[in-house]
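Work through the exercises below with the structure in view. Each task is followed by a solution in steps.

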Amino acid sequence: MSDRHGIFQAFAVALLVAAVIRTAAAEDHAVAKDAMNGRFTVCGIPHQFKDGKIDWTFNPTYNGYREWPWQFARMYFLPALADYYRESGDSRAAQTFVDVVGGFIDSAPPPPPGTRHGDTHSWRTLDTGLRATSWVDSYFAFTNSPLLTTAFREKFDRSLEDHLVRLETPMTSNNWRIMELRGLVDITLAFPFVRRAAERRAAAERELEAILGKQLYPDGFQFELAPGYHSILDADYAHLADRYRAFGQTPPAFLEKGIERAFEMYPHLVRPDRKLPDINDSDAFDLRRRMQVAARLFHERKDYRWFATGGREGTAPAYLSYAFPYAGAVVFRDSWSTNAVWGYVDMSPFGRGHQHEDKLNFLLFAYGKEMLCEGGLFDYDSSEMRRYTLLSRAHNTVCIDGKGQCARRTWKWRDEMLHQKADLTFETSATRDVAKSTYSLGYGYEELGEPFDTSVTHTRTVEFVKGGAVPFFVVTDELRASDDREHSYEQVWHLETCRLDLKDTSFVADFGDGVTLSATFESANGRLADQIGRKEKYRWQGWKPIRPSGPHEHRPIHTPVLTGTFKGSAVLM
């Protein structure tokens, strides 16, 4: 096996140097030097292993957060270590590679076949796929080092087979499965001597093509309706297209077709600051890097080049406001300036995964300031803050009788839903855009086992008036009850950092630099109160995660809430 390994190594090195190697940045060097000293930061939490000896079952988190050992096993630091070695030739980097990878193979054997993907410390299938990519991205940098002995190489080859066995049997779905298959393809391209390489890769290609048909709405939005997870899909498929070329092969046609559809979503959704909004389980992130990939792959798209170059080249899109007819996301905008007024309203179906209970949620970004925000994304743990970010009260929508939406109680995804249009109406003109949709799946907290109430429906109409000197929005909420009981409502609004002047039925939020947001409310008996920083169980209100400062942290934000009661119906404006 070692002879075949050696023959292939020269071929792979030449291709990777030409097509895959990244330019090492200062932060990569810092990650590499930390790794050489046994220090690793995972999920924002650092840990120093004594004498550099890694325990792959160790978990340094205060609450046993299982993502720490799982994500550590992805060996995210290896590509940075490889870049550092290429530039410096420092033998300590090669020794670290051998110690880490060899130590993992010796001390963290694969689980028995069929072991559920989460029932391990280091072989969760998602992390196995990502680790495979880390190994391919780093291995060839060290092949000239005498530290990569014949014994190490043979051990490495055996572990490649362990990875392939773990990855070739589907145990997950959605983006997890894509990343698992990506790792499998990476191994079979980089190490074609592995057993049944071509056969295994062909099976992975068939599965990857089928996944595209099951994940992208006809309007191009990925079915989890979270931009961060959407970006995983197009990034993984672009990665694979590049990987095929790096090893002298033509990518399967479905890869670039799928990437092109996925990229279409970004320009329609992006905020004036060129970031994607943090909706569902997604952080806000900069669009430029994704558009740089898009512009490289699709040279004819002038709009992609415009985003990729910060407007220096290409042309801005011809459209402004837009409604995704299947995904249901509605975006309002009055220009492509960085000072534009931008609004977003969630009129989407519940989606496939990573959902928040936030239908009809409304966000606002204008004049360079994020104004109306939401509870955002928190760590996938069991904390009250994580619970809060999933609930309606962490979003700009309406709660009924103290309860939020509970779509997940009855919602079950079916593949045919991907081709069903969203429940919304949308009209656009030069002076006025209007969107309207209804939530009718009931209110309650499933985990409390309390009665589930389907008697109230909520219809929200958002009107964007953009023809005058100062654009403005009119948000109208119509609540209808099918019974004769008195119901209470809470209309919730989260404000990014500001100075707040709040009255009974109006507020003015000052965001600095002369930018303010004024809001006036009309209802039969509603009154406003700022519910900033509340922490009663199941009644958290007025919080936002601290990003990117670190996980497990959150900060209070002003949250005006209009409360009142109604029988039969009520209209809130």
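The model is predicted.

**Exercise 1.** Find the bridge partner of Phe-426 in β12, then place the strands in their sheet.

Solution. Step one: the partner of Phe-426 is Ala-435. Step two: β11 and β12, the latter covering residues 432-439, pair in the antiparallel sense over four bridges. Step three: the open sheet has five strands, ordered β11-β12-β13-β14-β26, with antiparallel pairing. Its edge strands, β11 (425-428) and β26 (569-572), each pair on one side only. From one strand to the next, the twist averages 10 degrees.

**Exercise 2.** Classify the aromatic pair of Phe-49 and Phe-72, and state which parts it ties together.

Solution. Step one: the ring centres are 5.7 Å apart, with 15 degrees between the planes. Step two: planes under 30 degrees apart count as stacked, so Phe-49 and Phe-72 are a stacked pair. Step three: Phe-49 lies in the loop between β2 (45-48) and α3 (67-72), whereas Phe-72 is in helix α3, so the pair joins parts 23 residues apart in sequence.

**Exercise 3.** Are Phe-49 and Phe-72 buried or exposed?

Solution. Step one: buried means under 20% relative accessible area. Step two: Phe-49 has 4% relative accessibility and therefore counts as buried. Phe-72, at 0%, also counts as buried.

**Exercise 4.** How are the rings of Phe-72 and Phe-77 arranged?

Solution. Step one: their centres lie 6.1 Å apart and their planes are at 35 degrees, so the pair is tilted. Step two: Phe-72 and Phe-77 belong to one aromatic cluster, whose members include Trp-123. Step three: Arg-131 lies over the face of Trp-123, at 4.6 Å from the ring centre.

Terms used: Residues are numbered from 1 along each chain as its sequence is written. This is a predicted model: local features need pLDDT of at least 70, side-chain atom pairs count only at pLDDT 80 or more; totals for chains, interfaces and linings use all residues. Side-chain values use heavy atoms; hydrogens and water are left out. Two strands pair if DSSP finds at least two bridges between them. Helices (H or I, at least four residues) and strands (E, at least two) are DSSP runs, numbered from the N terminus. Axes are lines fitted to C-alpha atoms, for helices over the stretch in contact, and angles run from 0 to 180 degrees between N-to-C directions. Rings of Phe, Tyr and Trp (its six-membered ring) pair if their centres lie within 6.5 Å; planes under 30 degrees apart count as stacked, over 60 as edge-to-face and the rest as tilted. Buried means under 20% relative accessible area, exposed over 50%, partly exposed in between (1.4 Å probe, protein chains only). A charge sits over a ring if NZ of Lys or CZ of Arg is within 6 Å of the ring centre and within 35 degrees of the ring normal.
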